[in-house]
Amino acid sequence: MASRVSKRKAPPKEEYVLKEKEKLESYVFDKRTLLLLSAMIKKNILKSIDYPISTGKEANVFRATTPNGDFVAVKIYKITTTGFERNIAYLEGDPRFKMIKHNKREIVKLFAKKEFKNLRICEKIGVHAPKPVFLSENIVVMGFLGKEGIPYATMNVIGPRGKGDLDSILLDIKKMYKAGLVHADISEYNIMLAEDAPYLIDFGQGVVREHPKAEEFLKRDVSNILKYFEKFGIKRDFEKTMKWIYE
């Protein structure tokens, strides 16, 4: 006589959402952020928040899974952080954000919006960067950079793989500048090494060329990356590189 196998019903969607909320509470998110994440699950933008990729003073990044099984990265800007007040100049000089309310939550939301807008520019011009997927207040959903569910390492962890990495980064900087965008925070910590090329990440501070400090930020980006590569014997003249970017 064949044994009977009972089929367990999937939990109701409301129960699943509640479990996801409980999982996130250990990261001390504020109530509003938890509600936004729950709404994304209900709307089938996300299925689950899997695990943290990186944690920082201003934001946490998680790997998440979509209903169709794809991986995405979910960047959650922290409402409780004080770091954004120090970076307000990246907003005040940006003509895209003229009406700035000096309120902590509103400032954080603007930085998330700025990152999403900057990622859209990068996607349009073919810069190696995460693809923008969805924006909800202080949460940015973007393409996952990794292989088989494991995120790629950042350059500070494993170092550059040769001058080809430098060429790719500088070309992306030039593409952005021609399109009117400056990353403004390029370093070995904000570059992930994918198999095909290095990818730039963390675009929250990126400014358009009309920003009064755009040129200063551009030169700082180039100087930072050239100095880093020089530590590995890969040298490039700063003045000649800047002239090439401006061409």
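Visitor: Is alanine 59 buried or exposed in this model?
Guide: The model is a predicted one, and in it alanine 59 has a relative accessible area of 12%. Because a residue counts as buried when that value is under 20%, the class that applies to alanine 59 is buried.

Visitor: In which strand does alanine 59 lie, and which residues is it in contact with, leaving aside its neighbours within four places in sequence?
Guide: The strand that holds alanine 59 covers residues 59–65 and is β2. Once the neighbours within four places in sequence are left aside, the contacts of alanine 59 are Lys75, Ile76, Tyr77 and Lys78.

Visitor: What distance separates the C-alpha atoms of alanine 59 and isoleucine 79?
Guide: Along the chain, alanine 59 and isoleucine 79 are 20 residues apart.

Visitor: Which residues touch the most other members of the largest nonpolar core?
Guide: That core has 48 residues, and one of those with the most contacts to other members is Leu200. Not counting residues up to four places away in sequence, leucine 200 touches a set that includes Val127, Ala129, Ile169, Met176 and Ile186. A second, separate core has 15 residues, among them Phe29 and Met40. For the largest core, the residues asked for are Ile169, Ile173, Met176, Leu200, Leu218, Ile225 and Phe229.

Visitor: How many cavities of 30 Å³ or more are there, and which element gives the most to the lining of the largest cavity?
Guide: The count comes to 1 cavity of 30 Å³ or more, and the largest cavity holds about 30 Å³ of space. Two or more lining residues come from each of α7 (163–178), β8 (181–182) and α8 (214–230). With 3 residues, the element that gives the most to this lining is α7.

Visitor: What is the make-up by class of the lining of the largest cavity?
Guide: The lining consists of Ile173, Met176, Tyr177, Leu181, Val182, His183, Ile186, Leu218 and Asp221. Sorted by class, these residues come to 7 nonpolar, 1 polar and 1 charged.

Visitor: What share of the contacts in the protein chain with a separation of 6 or more joins residues 24 or more positions apart?
Guide: The protein chain has 247 residues, of which 48% are buried, and its secondary structure comprises 9 helices and 11 strands. Among contacts with a separation of 6 or more, the share from residues 24 or more positions apart is 61%.

Technical notes
Residues are numbered from 1 along each chain as its sequence is written. This is a predicted model: local features need pLDDT of at least 70, side-chain atom pairs count only at pLDDT 80 or more; totals for chains, interfaces and linings use all residues. Side-chain values use heavy atoms; hydrogens and water are left out. On a 1 Å grid over the protein atoms alone, a cavity is a set of points where a 1.4 Å probe fits but cannot get out, and a pocket is an open set with protein on both sides within 12 Å along at least five of seven lines; lining residues have an atom within 4 Å of a point. Grid points are joined across faces, edges and corners, and a volume is the space filled by probe spheres set on the points. Ala, Val, Leu, Ile, Met, Phe, Trp, Tyr, Cys and Pro count as nonpolar, Asp, Glu, Lys and Arg as charged, and the others, Gly among them, as polar. A nonpolar core is a set of buried Ala, Val, Leu, Ile, Met, Phe, Trp, Tyr and Cys residues joined through side-chain atoms within 4.5 Å. Buried means under 20% relative accessible area, exposed over 50%, partly exposed in between (1.4 Å probe, protein chains only). Contact means heavy atoms within 4.5 Å.
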